[in-house]
Amino acid sequence: MKTISLIVHCYNEEPTVELFFNTTEKVFKQLNETHEDQYRPDYLFVNDGSADKTLEIMRQLHEKHPDTVHYLSFSRNFGKESALAAGLSNAKGDYIAVMDVDLQDPPELLLQMVDILEDPKQDYEVVGCVQTSRKQNPIRGFLSASFYKIINKMSRVQLKQNVRDYRLMTRKYVDALLELPEYNRFSKGMFSWVGFKTKYLKYEGVPRAAGTSSWSIFQLFEYSLEAVVDFSDVPLKMATLVGGLICFLSIIGLVFVVIRALFFGGSVNGWASLVSIILFLSGVQLFCLGIVGKYIGKIYLETKHRPKFIIAERK
């Protein structure tokens with residue numbers, strides 16, 4: 001019998017935890033009925049500082065199913081990336097899956113994922129999922145598409161658009177991920193960075209089974225900025241290029257002013273344009289300093305060597 005560890009991040013997911021468990025149990029029953037090899041689920045719920053009764057439901061599930069349901073509860077909200085890092089560090093299965101508790105990622109796809117990884121002819125180490133359609137805010141959809149285009153041009157690590165965190169991985173693949181110790185984490189980029197042969201399954205997006213999403217457009221935008229900084233130094237190169245270009249133009253302007261003063265006399269006119277230029281250059285300087293400061297902030301957090309998460313309770 002092989003074990004499949006299911007890493008499930010939960011933040012204020014009281015309505016969905018038990019529903020997710022019941023739905024996934026049916027999938028494993030079907031999996032074992034249709035396959036000669038038997039598979040045992042190992043649920044690893046990660047409570048990311050929820051303020052509702054999410055943790056209580058996890059405790060109840062563990063009491064009913066102590067051999068298959070386990071959970072980690074953080075001391076506070078550390079974020080999805082920290083929850084994923086905790087799950088990967090504690091998962092012990094032969095295969096490891098990352099799943100969303102809201103059932104937007106159909107657990108039924110596990111049937112195909114297992115078949116692909118078990119097929120020795122295909123030699124895949126991970127099976128990921130791509131959403132082909134999903135009803136969402138048009139602005140959010142546009143920003144998402146723009147993000148993938150930008151980061152793929154700025155980074156050597158190429159990200160496939162609309163790829164979900166939902167994936168089934170071999171132990172070999174997860175061990176490679178665990179060798180990346182950084183504090184600042186962007187999982188989609190890390191999944192691509194480690195390489196290995198990957199198969200993608202396409203599926204149509206479905207609404208949440210219950211509850212509401214905790215991600216706002218601003219949070220997604222901030223998350224996108226973190227991703228760019230984590231996997232590309234192009235913003236630093238752009239700041240250097242802009243600074244060099246402005247310096248070059250300033251030299252040309254200085255030469256023009258000197259020549260005009262020597263041959264045509266000075267003039268007090270143009271003070272408004274002069275002030276505008278000074279303000280523009282000051283803004284460019286602050287913008288470039290902000291880019292540099294973002295990278296320095298990342299270095300500062302890394303050098304502190306703080307833990308990515310603190311576990312208050314585990315079962």
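Which residues is histidine 9 in contact with, leaving aside its neighbours within four places in sequence? The structure examined here is a predicted model, in which local features need pLDDT of at least 70 and side-chain atom pairs count only at pLDDT 80 or more, while totals for chains, interfaces and linings use all residues. Residues are numbered from 1 along each chain as its sequence is written, and side-chain values use heavy atoms, with hydrogens and water left out.

Histidine 9 is placed in strand β1, where helices (H or I, at least four residues) and strands (E, at least two) are DSSP runs numbered from the N terminus. Beyond its neighbours within four places in sequence, histidine 9 is in contact with Val46, Asp48, Gly79, Lys80, Ala83, Met99 and Val101, contact being defined as heavy atoms within 4.5 Å. With aspartate 48, the side chain of histidine 9 makes a polar contact, side chain to side chain, at 3.1 Å. A polar contact is a pair of N or O atoms within 3.5 Å; within protein, one must be able to donate a hydrogen and the other to accept it, and residues adjacent in sequence count only if both atoms are side-chain atoms.

Two of the contacts of histidine 9, Lys80 and Ala83, belong to the span of helix α3 (residues 80-90). Eight of the eleven residues of this helix are buried, so α3 is largely enclosed by the rest of the structure. Here buried means under 20% relative accessible area, exposed over 50%, and partly exposed in between, with a 1.4 Å probe and protein chains only. The buried residues of α3 are Glu81, Ser82, Ala83, Leu84, Ala85, Ala86, Gly87 and Leu88.

Backbone geometry was considered next. Most residues other than glycine have a negative phi, and most peptide bonds are trans. Asparagine 12, however, has a positive phi, near 55°, and is found in the loop between β1 (2-10) and α1 (17-34), where it is partly exposed with a relative accessible area of 30%. Leucine 103 likewise has a positive phi, near 65°; leucine 103 is placed in the loop between β4 (95-100) and α4 (109-118) and is buried, with a relative accessible area of 12%.

Side chains of opposite charge can pair when their charged atoms come close. With a salt bridge taken as a side-chain nitrogen of Lys or Arg within 4 Å of a carboxyl oxygen of Asp or Glu, the count comes to seven salt bridges. One of these joins the side chains of glutamate 118 and lysine 2 (2.9 Å, N to O). This pair links distant parts of the chain, with glutamate 118 in helix α4 and lysine 2 in strand β1, 116 residues apart. Both partners are partly exposed, glutamate 118 with a relative accessible area of 24% and lysine 2 with one of 28%. Another salt bridge is formed by the side chains of glutamate 313 and arginine 59 (2.7 Å, N to O). Glutamate 313 lies in strand β8 (residues 311-314) and arginine 59 in helix α2 (residues 54-64), so the pair ties together parts that are 254 residues apart in sequence. Glutamate 313 counts as partly exposed at 22% relative accessibility, as does arginine 59 at 33%.

Within helix α6 (residues 171-177), aspartate 175 and arginine 171 are four residues apart, about one turn of the helix, and their side chains meet in a salt bridge (3.4 Å, N to O). An α-helix has 3.6 residues a turn, so residues three or four places apart point the same way.

Elsewhere, arginine 185 lies in the loop between α6 and α7 (187-193) and counts as buried at 15% relative accessibility. Arginine 185 and lysine 308 are 123 residues apart in sequence and 9.4 Å apart in space, C-alpha to C-alpha.

The structure holds zero disulfides, a disulfide being a pair of cysteine sulfur atoms within 2.5 Å. Cysteine 10 and cysteine 129 each count as buried, at 0% relative accessibility.
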